[in-house]
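Welcome! Let's walk through this protein together, one question at a time.

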Amino acid sequence: MNAPASIPTTAAAKLPAIREQFPTLAQTVHGKPLVYLDNAATTQKPWCVINAIAAYYEHDNSNVHRGVHALSQRATAACEAVRDKVRAFVNAAEPAEILFTSGTTEAINLVASSYGANAVGSGDEIVISTLEHHSNIVPWQLLCERSGAILRVIPISDDGDLDLDAYRGLLNKRTRLVAVGHVCNALGTVNPIHEIIDLAHGNGTPVLVDGAQAIPHMPVDVQALDCDFYAFSGHKVYGPTGIGVLYGKRRLLDAMPPYQGGGDMISSVRFEGTTYNELPYKFEAGTPNIAGAVGLGTAVDFLQTHLPEFIPLEAALMEYAESALAAVDGVTIVGAPQQRVGALSFLIDNVHPHDIGTVVDLQGIAIRAGHHCAQPLMERLGLASTARVSFGIYNTTADIDRLTAAIPEVVRIFG
Ligand code: 7TS
(Lines give C-alpha, C1' and ligand atoms only; values in the text may rest on other atoms or scores of the structure.)
Protein backbone atom coordinates (compact mmCIF):
# COMPACT_ATOMS: atom_id res chain seq x y z
CA MET A 1 0.00 0.00 0.00
CA ASN A 2 1.31 3.47 -0.80
CA ALA A 3 1.62 6.08 1.90
CA PRO A 4 -1.36 8.45 1.85
CA ALA A 5 -0.62 12.05 0.89
CA SER A 6 -1.19 13.08 4.52
CA ILE A 7 2.15 11.58 5.70
CA PRO A 8 4.30 14.70 6.34
CA THR A 9 7.14 14.10 3.92
CA THR A 10 9.89 16.20 5.57
CA ALA A 11 9.44 14.46 8.90
CA ALA A 12 9.12 11.03 7.21
CA ALA A 13 12.40 11.65 5.36
CA LYS A 14 14.16 11.96 8.72
CA LEU A 15 12.93 8.59 9.99
CA PRO A 16 15.91 6.53 8.77
CA ALA A 17 18.25 8.84 10.72
CA ILE A 18 16.02 8.59 13.81
CA ARG A 19 15.85 4.80 13.54
CA GLU A 20 19.65 4.63 13.38
CA GLN A 21 19.76 6.11 16.85
CA PHE A 22 18.00 3.02 18.28
CA PRO A 23 20.35 0.01 18.33
CA THR A 24 17.63 -2.50 19.30
CA LEU A 25 15.73 -1.77 16.10
CA ALA A 26 18.63 -2.95 13.95
CA GLN A 27 18.18 -6.66 14.53
CA THR A 28 16.40 -9.63 13.09
CA VAL A 29 13.88 -11.62 15.13
CA HIS A 30 13.08 -15.14 13.96
CA GLY A 31 15.14 -14.30 10.88
CA LYS A 32 13.10 -11.20 9.96
CA PRO A 33 13.94 -7.51 10.50
CA LEU A 34 12.34 -6.42 13.76
CA VAL A 35 9.16 -4.32 13.60
CA TYR A 36 8.53 -2.90 17.05
CA LEU A 37 4.91 -1.89 17.63
CA ASP A 38 4.67 -2.32 21.42
CA ASN A 39 5.64 1.19 22.47
CA ALA A 40 2.77 1.63 24.93
CA ALA A 41 4.40 -1.14 26.98
CA THR A 42 7.85 0.42 26.71
CA THR A 43 9.84 2.36 24.14
CA GLN A 44 13.27 1.46 22.79
CA LYS A 45 16.23 3.55 23.95
CA PRO A 46 18.35 5.82 21.75
CA TRP A 47 22.15 5.81 21.91
CA CYS A 48 22.15 9.18 23.68
CA VAL A 49 20.24 7.70 26.63
CA ILE A 50 22.31 4.51 26.72
CA ASN A 51 25.52 6.55 26.54
CA ALA A 52 24.42 9.02 29.23
CA ILE A 53 23.76 6.16 31.67
CA ALA A 54 27.07 4.49 30.81
CA ALA A 55 28.95 7.81 31.17
CA TYR A 56 27.38 8.41 34.57
CA TYR A 57 28.55 5.01 35.83
CA GLU A 58 31.93 5.46 34.15
CA HIS A 59 32.73 8.91 35.56
CA ASP A 60 30.37 10.22 38.22
CA ASN A 61 28.90 7.26 40.11
CA SER A 62 28.31 8.21 43.73
CA ASN A 63 25.48 8.69 46.19
CA VAL A 64 23.51 11.94 46.32
CA HIS A 65 22.99 14.53 49.07
CA ARG A 66 25.48 12.73 51.31
CA GLY A 67 29.03 13.52 50.40
CA VAL A 68 31.16 16.60 50.36
CA HIS A 69 33.39 14.86 47.84
CA ALA A 70 33.46 15.76 44.18
CA LEU A 71 31.72 12.68 42.80
CA SER A 72 28.81 12.97 45.22
CA GLN A 73 28.44 16.62 44.35
CA ARG A 74 28.43 15.77 40.65
CA ALA A 75 25.80 13.05 41.11
CA THR A 76 23.66 15.40 43.21
CA ALA A 77 23.98 18.20 40.67
CA ALA A 78 23.08 15.81 37.84
CA CYS A 79 19.91 14.64 39.63
CA GLU A 80 18.82 18.17 40.48
CA ALA A 81 19.51 19.37 36.94
CA VAL A 82 17.17 16.64 35.65
CA ARG A 83 14.54 17.64 38.18
CA ASP A 84 14.64 21.16 36.78
CA LYS A 85 14.65 19.84 33.20
CA VAL A 86 11.50 17.82 33.96
CA ARG A 87 9.99 20.89 35.63
CA ALA A 88 10.49 22.85 32.41
CA PHE A 89 9.30 19.89 30.31
CA VAL A 90 5.88 19.82 32.02
CA ASN A 91 5.97 23.53 32.95
CA ALA A 92 5.68 23.04 36.70
CA ALA A 93 6.09 26.20 38.78
CA GLU A 94 9.12 24.96 40.73
CA PRO A 95 11.47 21.94 40.87
CA ALA A 96 10.21 21.04 44.37
CA GLU A 97 6.93 20.00 42.74
CA ILE A 98 8.72 17.28 40.73
CA LEU A 99 9.14 14.05 42.69
CA PHE A 100 11.18 11.14 41.35
CA THR A 101 9.43 7.80 41.67
CA SER A 102 10.07 4.39 40.16
CA GLY A 103 7.34 4.99 37.58
CA THR A 104 3.70 5.88 37.08
CA THR A 105 2.60 3.02 39.30
CA GLU A 106 4.60 4.25 42.29
CA ALA A 107 3.54 7.85 41.64
CA ILE A 108 -0.14 6.89 41.87
CA ASN A 109 0.45 4.69 44.91
CA LEU A 110 2.25 7.60 46.58
CA VAL A 111 -0.79 9.84 46.16
CA ALA A 112 -3.23 7.09 47.19
CA SER A 113 -1.20 6.40 50.36
CA SER A 114 -0.22 9.89 51.34
CA TYR A 115 -3.02 12.15 50.11
CA GLY A 116 -5.41 9.32 50.97
CA ALA A 117 -4.17 9.08 54.56
CA ASN A 118 -5.15 12.66 55.41
CA ALA A 119 -7.91 13.60 53.02
CA VAL A 120 -10.02 10.47 52.51
CA GLY A 121 -12.28 8.95 55.15
CA SER A 122 -15.23 6.64 55.53
CA GLY A 123 -18.07 7.51 53.15
CA ASP A 124 -15.86 9.78 51.02
CA GLU A 125 -15.68 9.10 47.29
CA ILE A 126 -12.91 8.68 44.70
CA VAL A 127 -13.82 8.97 41.02
CA ILE A 128 -11.91 7.00 38.36
CA SER A 129 -13.02 5.86 34.89
CA THR A 130 -13.71 2.69 32.95
CA LEU A 131 -10.69 3.43 30.73
CA GLU A 132 -8.08 3.09 33.48
CA HIS A 133 -4.98 0.92 33.61
CA HIS A 134 -4.90 -1.33 36.69
CA SER A 135 -2.33 0.99 38.26
CA ASN A 136 -4.96 3.72 38.38
CA ILE A 137 -7.58 1.35 39.79
CA VAL A 138 -6.03 -0.93 42.38
CA PRO A 139 -4.29 1.75 44.52
CA TRP A 140 -7.72 3.43 44.92
CA GLN A 141 -9.38 0.12 45.75
CA LEU A 142 -6.74 -0.43 48.43
CA LEU A 143 -7.37 3.09 49.76
CA CYS A 144 -11.11 2.44 49.82
CA GLU A 145 -10.55 -0.80 51.74
CA ARG A 146 -8.37 1.03 54.28
CA SER A 147 -10.53 4.10 54.69
CA GLY A 148 -14.10 2.97 54.03
CA ALA A 149 -14.28 5.33 51.04
CA ILE A 150 -16.30 4.44 47.93
CA LEU A 151 -14.94 4.09 44.37
CA ARG A 152 -17.10 5.68 41.65
CA VAL A 153 -16.47 4.89 38.00
CA ILE A 154 -17.15 7.14 34.99
CA PRO A 155 -18.84 5.00 32.32
CA ILE A 156 -17.91 5.07 28.61
CA SER A 157 -19.78 4.98 25.32
CA ASP A 158 -19.50 1.96 23.02
CA ASP A 159 -17.02 4.01 20.98
CA GLY A 160 -14.69 4.24 23.98
CA ASP A 161 -15.27 7.86 25.03
CA LEU A 162 -15.96 8.96 28.59
CA ASP A 163 -19.58 9.83 29.37
CA LEU A 164 -19.14 13.38 30.66
CA ASP A 165 -22.80 13.77 31.65
CA ALA A 166 -22.46 10.73 33.87
CA TYR A 167 -19.21 12.20 35.24
CA ARG A 168 -20.97 15.44 36.18
CA GLY A 169 -23.54 13.35 38.03
CA LEU A 170 -20.86 11.52 40.01
CA LEU A 171 -19.31 14.66 41.49
CA ASN A 172 -20.69 15.63 44.89
CA LYS A 173 -19.62 17.02 48.24
CA ARG A 174 -18.08 13.69 49.26
CA THR A 175 -15.80 13.47 46.18
CA ARG A 176 -12.25 13.76 47.52
CA LEU A 177 -10.26 13.03 44.35
CA VAL A 178 -10.75 12.43 40.64
CA ALA A 179 -8.04 10.13 39.17
CA VAL A 180 -8.20 9.67 35.41
CA GLY A 181 -5.92 8.75 32.56
CA HIS A 182 -5.00 11.39 29.99
CA VAL A 183 -4.80 8.75 27.23
CA CYS A 184 -6.14 5.18 27.41
CA ASN A 185 -3.44 2.53 26.87
CA ALA A 186 -5.78 -0.01 25.25
CA LEU A 187 -7.93 2.13 22.91
CA GLY A 188 -5.80 5.26 22.56
CA THR A 189 -8.73 7.46 23.63
CA VAL A 190 -7.59 11.01 24.39
CA ASN A 191 -9.76 12.19 27.26
CA PRO A 192 -11.09 15.78 27.41
CA ILE A 193 -8.77 16.37 30.31
CA HIS A 194 -9.27 20.16 30.56
CA GLU A 195 -13.01 19.69 30.93
CA ILE A 196 -12.58 16.82 33.41
CA ILE A 197 -10.30 18.98 35.56
CA ASP A 198 -12.51 22.08 35.32
CA LEU A 199 -15.59 20.12 36.37
CA ALA A 200 -13.76 18.58 39.34
CA HIS A 201 -12.39 21.95 40.43
CA GLY A 202 -15.88 23.42 40.16
CA ASN A 203 -16.77 20.81 42.77
CA GLY A 204 -13.72 21.68 44.90
CA THR A 205 -12.08 18.33 44.10
CA PRO A 206 -8.39 17.85 43.15
CA VAL A 207 -7.47 15.79 40.09
CA LEU A 208 -4.70 13.26 39.50
CA VAL A 209 -3.89 12.65 35.84
CA ASP A 210 -2.26 9.35 34.84
CA GLY A 211 -0.15 10.68 31.99
CA ALA A 212 1.75 7.47 31.20
CA GLN A 213 0.33 7.23 27.66
CA ALA A 214 0.00 10.94 26.95
CA ILE A 215 3.44 12.33 27.70
CA PRO A 216 5.18 10.40 24.85
CA HIS A 217 2.72 11.83 22.31
CA MET A 218 1.88 15.44 23.15
CA PRO A 219 3.20 18.49 25.00
CA VAL A 220 1.91 18.61 28.57
CA ASP A 221 1.68 21.84 30.57
CA VAL A 222 0.60 21.09 34.13
CA GLN A 223 -0.07 24.76 34.91
CA ALA A 224 -2.24 25.22 31.82
CA LEU A 225 -4.10 22.01 32.71
CA ASP A 226 -4.24 23.14 36.34
CA CYS A 227 -4.11 19.45 37.34
CA ASP A 228 -3.18 18.77 40.95
CA PHE A 229 -1.06 15.69 40.27
CA TYR A 230 0.40 14.33 37.02
CA ALA A 231 2.19 10.96 36.83
CA PHE A 232 4.36 9.43 34.11
CA SER A 233 7.09 6.83 33.49
CA GLY A 234 10.55 7.41 32.05
CA HIS A 235 10.62 4.16 30.10
CA LYS A 236 7.67 5.17 27.92
CA VAL A 237 9.50 8.33 26.77
CA TYR A 238 12.70 6.62 25.54
CA GLY A 239 14.25 6.74 29.01
CA PRO A 240 15.24 3.87 31.30
CA THR A 241 12.98 1.67 33.40
CA GLY A 242 12.78 2.26 37.15
CA ILE A 243 12.38 6.04 37.02
CA GLY A 244 9.21 8.07 36.83
CA VAL A 245 7.76 11.37 37.91
CA LEU A 246 4.99 12.64 40.11
CA TYR A 247 4.17 16.29 39.64
CA GLY A 248 2.13 17.69 42.52
CA LYS A 249 1.03 21.19 43.47
CA ARG A 250 3.10 22.44 46.40
CA ARG A 251 0.00 23.30 48.44
CA LEU A 252 -1.14 19.67 48.34
CA LEU A 253 2.31 18.08 48.68
CA ASP A 254 3.12 20.27 51.70
CA ALA A 255 -0.02 19.08 53.46
CA MET A 256 0.61 15.40 52.71
CA PRO A 257 2.45 13.09 55.16
CA PRO A 258 5.59 11.22 54.00
CA TYR A 259 5.00 8.16 51.85
CA GLN A 260 8.01 6.11 52.98
CA GLY A 261 10.46 6.64 55.82
CA GLY A 262 14.23 6.44 55.54
CA GLY A 263 17.33 8.39 54.65
CA ASP A 264 17.11 11.75 52.90
CA MET A 265 13.45 12.34 53.72
CA ILE A 266 14.16 13.61 57.24
CA SER A 267 15.28 16.89 58.68
CA SER A 268 16.27 15.39 62.05
CA VAL A 269 15.68 12.00 63.66
CA ARG A 270 15.38 11.47 67.40
CA PHE A 271 13.79 8.53 69.15
CA GLU A 272 11.38 11.01 70.71
CA GLY A 273 10.25 12.16 67.28
CA THR A 274 11.40 12.90 63.75
CA THR A 275 10.95 15.98 61.62
CA TYR A 276 10.71 15.73 57.87
CA ASN A 277 12.72 17.24 55.07
CA GLU A 278 11.36 19.92 52.75
CA LEU A 279 9.88 19.19 49.32
CA PRO A 280 10.67 17.25 47.22
CA TYR A 281 12.95 15.21 49.51
CA LYS A 282 10.15 14.50 52.00
CA PHE A 283 8.83 12.02 49.42
CA GLU A 284 12.17 10.58 48.28
CA ALA A 285 13.33 8.18 51.00
CA GLY A 286 16.50 6.23 50.34
CA THR A 287 19.02 6.28 47.51
CA PRO A 288 17.17 7.32 44.38
CA ASN A 289 17.62 5.88 40.90
CA ILE A 290 20.42 8.30 40.03
CA ALA A 291 21.46 6.68 36.76
CA GLY A 292 17.77 6.48 35.87
CA ALA A 293 17.35 10.19 36.47
CA VAL A 294 20.40 10.91 34.29
CA GLY A 295 18.92 8.75 31.52
CA LEU A 296 15.53 10.40 31.92
CA GLY A 297 17.08 13.84 31.50
CA THR A 298 18.66 12.82 28.21
CA ALA A 299 15.41 11.18 27.10
CA VAL A 300 13.48 14.37 27.82
CA ASP A 301 15.94 16.34 25.67
CA PHE A 302 15.57 13.76 22.91
CA LEU A 303 11.77 13.78 23.04
CA GLN A 304 11.55 17.57 23.13
CA THR A 305 13.78 17.80 20.07
CA HIS A 306 11.67 15.40 18.02
CA LEU A 307 8.13 15.84 19.38
CA PRO A 308 7.07 18.73 17.10
CA GLU A 309 7.75 16.65 13.98
CA PHE A 310 6.56 13.39 15.53
CA ILE A 311 3.07 14.65 16.40
CA PRO A 312 1.78 15.17 12.82
CA LEU A 313 3.72 12.15 11.60
CA GLU A 314 2.14 9.94 14.23
CA ALA A 315 -1.34 11.29 13.48
CA ALA A 316 -0.85 10.32 9.83
CA LEU A 317 0.56 6.93 10.84
CA MET A 318 -2.48 6.28 13.03
CA GLU A 319 -4.81 7.16 10.17
CA TYR A 320 -2.79 4.90 7.87
CA ALA A 321 -2.89 2.00 10.36
CA GLU A 322 -6.63 2.39 10.95
CA SER A 323 -7.47 2.22 7.27
CA ALA A 324 -4.88 -0.44 6.40
CA LEU A 325 -6.04 -2.76 9.20
CA ALA A 326 -9.74 -2.13 8.57
CA ALA A 327 -9.18 -3.06 4.91
CA VAL A 328 -7.93 -6.55 5.84
CA ASP A 329 -10.62 -9.24 5.66
CA GLY A 330 -11.83 -10.33 9.07
CA VAL A 331 -10.17 -7.47 11.01
CA THR A 332 -12.20 -5.25 13.33
CA ILE A 333 -10.82 -2.16 15.05
CA VAL A 334 -11.87 -1.89 18.69
CA GLY A 335 -13.61 1.36 19.61
CA ALA A 336 -13.91 4.59 17.67
CA PRO A 337 -13.04 7.34 20.15
CA GLN A 338 -13.34 10.96 19.03
CA GLN A 339 -9.60 11.41 19.36
CA ARG A 340 -7.06 8.60 19.40
CA VAL A 341 -3.31 8.69 19.93
CA GLY A 342 -0.55 6.15 20.40
CA ALA A 343 -2.42 2.85 20.56
CA LEU A 344 -4.90 0.95 18.41
CA SER A 345 -6.59 -2.32 19.40
CA PHE A 346 -7.94 -4.78 16.87
CA LEU A 347 -9.46 -8.26 16.57
CA ILE A 348 -9.43 -10.91 13.86
CA ASP A 349 -12.59 -13.01 13.42
CA ASN A 350 -12.33 -16.35 15.20
CA VAL A 351 -8.68 -15.83 16.23
CA HIS A 352 -7.55 -15.40 19.81
CA PRO A 353 -5.44 -12.22 20.19
CA HIS A 354 -2.62 -14.27 21.74
CA ASP A 355 -2.48 -16.34 18.58
CA ILE A 356 -2.26 -13.14 16.52
CA GLY A 357 0.65 -11.98 18.67
CA THR A 358 2.44 -15.32 18.44
CA VAL A 359 2.14 -15.69 14.66
CA VAL A 360 3.19 -12.12 13.86
CA ASP A 361 6.13 -12.51 16.28
CA LEU A 362 7.37 -15.31 14.03
CA GLN A 363 7.41 -12.67 11.29
CA GLY A 364 9.58 -10.43 13.50
CA ILE A 365 6.68 -8.16 14.49
CA ALA A 366 6.27 -7.20 18.16
CA ILE A 367 2.69 -6.29 19.12
CA ARG A 368 0.84 -6.70 22.39
CA ALA A 369 -1.96 -9.20 22.98
CA GLY A 370 -3.95 -9.44 26.18
CA HIS A 371 -6.11 -7.36 28.48
CA HIS A 372 -3.46 -4.59 28.64
CA CYS A 373 -3.91 -4.32 32.42
CA ALA A 374 -7.35 -2.88 31.71
CA GLN A 375 -9.61 -5.80 32.61
CA PRO A 376 -12.62 -3.68 33.65
CA LEU A 377 -12.45 -1.93 30.24
CA MET A 378 -12.26 -5.29 28.45
CA GLU A 379 -15.28 -6.49 30.44
CA ARG A 380 -17.22 -3.34 29.49
CA LEU A 381 -16.41 -4.00 25.82
CA GLY A 382 -17.43 -7.66 26.16
CA LEU A 383 -13.91 -8.84 25.34
CA ALA A 384 -11.29 -10.90 27.17
CA SER A 385 -8.42 -9.38 25.26
CA THR A 386 -7.34 -7.55 22.11
CA ALA A 387 -4.31 -7.32 19.84
CA ARG A 388 -2.73 -3.86 20.06
CA VAL A 389 -0.27 -1.86 18.02
CA SER A 390 1.28 1.21 19.61
CA PHE A 391 3.59 3.73 18.03
CA GLY A 392 6.92 5.27 18.81
CA ILE A 393 8.96 7.99 17.20
CA TYR A 394 10.67 5.50 14.83
CA ASN A 395 7.64 3.72 13.35
CA THR A 396 6.93 3.91 9.64
CA THR A 397 4.13 3.01 7.25
CA ALA A 398 6.36 0.10 6.19
CA ASP A 399 5.97 -1.27 9.75
CA ILE A 400 2.19 -1.23 9.32
CA ASP A 401 2.52 -2.85 5.88
CA ARG A 402 4.57 -5.66 7.42
CA LEU A 403 1.81 -6.23 9.99
CA THR A 404 -1.07 -6.23 7.52
CA ALA A 405 0.92 -8.55 5.22
CA ALA A 406 1.33 -11.00 8.13
CA ILE A 407 -2.38 -11.21 8.93
CA PRO A 408 -3.40 -13.63 6.11
CA GLU A 409 -0.95 -16.13 7.63
CA VAL A 410 -2.65 -15.71 11.03
CA VAL A 411 -6.04 -16.34 9.43
CA ARG A 412 -4.69 -19.34 7.45
CA ILE A 413 -3.48 -21.02 10.64
CA PHE A 414 -6.20 -20.08 13.13
CA GLY A 415 -9.11 -18.48 11.28
N1 7TS B 1 -0.94 3.98 33.43
C2 7TS B 1 -1.13 3.73 32.13
C3 7TS B 1 -2.17 4.48 31.36
C4 7TS B 1 -0.33 2.77 31.51
O5 7TS B 1 -0.51 2.52 30.20
C6 7TS B 1 0.66 2.08 32.25
C7 7TS B 1 1.51 1.00 31.65
C8 7TS B 1 0.82 2.42 33.60
C9 7TS B 1 0.00 3.37 34.15
C10 7TS B 1 1.86 1.80 34.45
O11 7TS B 1 3.12 2.26 34.09
P12 7TS B 1 4.42 1.70 34.82
O13 7TS B 1 5.55 2.30 34.04
O14 7TS B 1 4.38 2.17 36.23
O15 7TS B 1 4.36 0.21 34.73
N16 7TS B 1 0.99 0.45 30.47
C17 7TS B 1 1.43 -0.67 29.87
C18 7TS B 1 0.87 -1.15 28.68
O19 7TS B 1 -0.04 -0.61 28.06
N20 7TS B 1 1.50 -2.30 28.34
O21 7TS B 1 2.43 -2.56 29.28
C22 7TS B 1 2.40 -1.56 30.23
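Q: Which residues touch the most other members of the largest nonpolar core?

A: This is a predicted model, where local features need pLDDT of at least 70, side-chain atom pairs count only at pLDDT 80 or more, and totals for chains, interfaces and linings use all residues. Residues are numbered from 1 along each chain as its sequence is written, and side-chain values use heavy atoms, with hydrogens and water left out. A nonpolar core is a set of buried Ala, Val, Leu, Ile, Met, Phe, Trp, Tyr and Cys residues joined through side-chain atoms within 4.5 Å, where buried means under 20% relative accessible area and exposed over 50% (partly exposed in between; 1.4 Å probe, protein chains only). Of the 72 residues in the largest core, those with the most contacts to other members are Tyr167, Val178, Tyr230 and Ile393.

Q: Why does this core lie between domain 1 and domain 2?

A: Domain bounds come from an automatic or database domain assignment. The core lies between the two because residues are given to it by both domain 1 (9-45 + 307-414) and domain 2 (49-299).

Q: Which residues does Tyr167 touch, leaving out those up to four places away in sequence?

A: Contact here means heavy atoms within 4.5 Å. With that cut-off, the partners of Tyr167 are Val127, Ile154, Val178, Ile196, Leu199 and Ala200.

Q: Where do the buried residues of helix H8 fall, seen down its axis?

A: Helices (H or I, at least four residues) and strands (E, at least two) are DSSP runs, numbered from the N terminus. In H8 (residues 193-202), the buried residues are Ile193, Ile196, Ile197 and Ala200. The arc, taken from the directions from the helix axis to the C-beta atoms, spans 95 degrees, so these residues line one face of the helix.

Q: Which residues are exposed on the other side of H8?

A: The buried residues of H8 pack against helix H7 (164-170), strand S7 (175-181), strand S8 (207-210) and helix H9 (222-225). On the other side of H8, the exposed residues are Asp198 and Gly202.

Q: Is Leu162 buried or exposed?

A: Leu162 sits in the loop between strand S6 (150-154) and H7. Its contacts beyond four places in sequence include Leu131, Ile154 and Ile196. Because its relative accessibility is 10%, Leu162 counts as buried.

Q: Which strands stand at the edges of the open sheet of seven strands?

A: Two strands pair if DSSP finds at least two bridges between them. The order is S4-S10-S9-S8-S7-S5-S6, with mixed pairing. Each edge strand has a single partner, so one side of each is left without a neighbour in the sheet: these are S4 (98-101) and S6.
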